[in-house]
Amino acid sequence: MIINEENKEIIINCGAFGYKPDVIASLLRIDLNLVEEQFKTNSEFKLLYEFGKNMAKYKIDLKLFEMAKSGDVKAIQQFGIDKMINNGEA
């Protein structure tokens with residue numbers, strides 16, 4: 001599958017938003033089977049999707065960390081919960 005620059009951004013954003021294959025196929029205007037096949041291999045598609053997923057998680061944790069440093073109690077609690085989940089403790 002050849003991925004152009006516009007589709008790269010869509011795939012990364014789909015990963016960030018946690019979209020399922022049927023939504024991704026609709027947004028890219030391609031067959032659902034093609035999308036599902038991309039998730040079964042270590043393709044550029046899958047790498048872009050995983051990058052989006054991980055970058056979103058990172059950006060959210062970064063924002064929570066900044067809010068926690070400023071004393072936001074709810075952010076401190078959520079940051080602690082997220083940290084435990086990330087470390088497999090929850």
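1. Let's start with glutamate 37, which is partly exposed because its relative accessible area is 41%. Here buried means under 20% relative accessible area, exposed means over 50%, and partly exposed is in between (1.4 Å probe, protein chains only). Glutamate 37 lies in helix 3; helices are DSSP runs of H or I with at least four residues, numbered from the N terminus. Proline 21 is 16 residues away from glutamate 37 along the chain, and their C-alpha atoms are separated by 9.8 Å.

2. A quick word on what you're looking at: this is a predicted model, where local features need pLDDT of at least 70 and side-chain atom pairs count only at pLDDT 80 or more, while totals for chains, interfaces and linings use all residues. Residues are numbered from 1 along each chain as its sequence is written, and side-chain values use heavy atoms, with hydrogens and water left out.

3. Stay in helix 3 for a moment and find glutamine 38. Is glutamine 38 buried or exposed? Glutamine 38 counts as buried, because its relative accessibility is 11%. Leaving aside residues up to four places away in sequence, glutamine 38 touches Met1, Ser43, Phe45 and Lys46; contact means heavy atoms within 4.5 Å.

4. Now for how two helices pack. Two packed helices are described by the angle between their axes and the distance between the axes. Helix 3 (residues 32-39) and helix 4 (residues 44-69) pack at about 75°, with their axes 7 Å apart. The axes are lines fitted to C-alpha atoms, for helices over the stretch in contact, and angles run from 0 to 180 degrees between N-to-C directions. So helix 3 is roughly perpendicular to helix 4, a label used for angles of 65 to 115 degrees (under 35 is roughly parallel, over 145 roughly antiparallel, and the rest oblique).

5. Which residues meet there? From helix 3 come Val35, Gln38 and Phe39, and from helix 4 come Phe45, Lys46 and Tyr49. Sorted by class, this contact of helix 3 with helix 4 has four nonpolar, one polar and one charged residues. For the classes, Ala, Val, Leu, Ile, Met, Phe, Trp, Tyr, Cys and Pro count as nonpolar, Asp, Glu, Lys and Arg as charged, and the others, Gly among them, as polar.

6. Helix 4 itself has 26 residues and reaches 37 Å from its first C-alpha to its last, close to the 38 Å expected at 1.5 Å a residue. That expected span is 1.5 Å times one less than the number of residues. Buried residues in helix 4 include Phe45, Leu48, Gly52 and Asp61, and their cover includes helix 1 (5-17), helix 2 (21-28), helix 3 and helix 5. After helix 4 comes glycine 71, with a positive phi near 100°.

7. Helix 5 passes the length check too: its 14 residues (73-86) should span 20 Å, and its end C-alpha atoms are 20 Å apart, which agrees. At its start, a side-chain oxygen of aspartate 72 comes within 3.1 Å of the backbone nitrogen of lysine 74. Glycine 88 follows helix 5 and has a positive phi, near 70°.

8. One more thing to look up is arginine 29, in the loop between helix 2 and helix 3. Arginine 29 has a positive phi of about 55° although it is not a glycine. Arginine 29 is exposed, with a relative accessible area of 70%.

Definitions and conventions:
Helix = DSSP H or I, 4+ residues; strand = E, 2+ residues; numbered from the N terminus. Polar contact = N/O pair within 3.5 Å; in protein donor to acceptor, adjacent residues only side chain to side chain.
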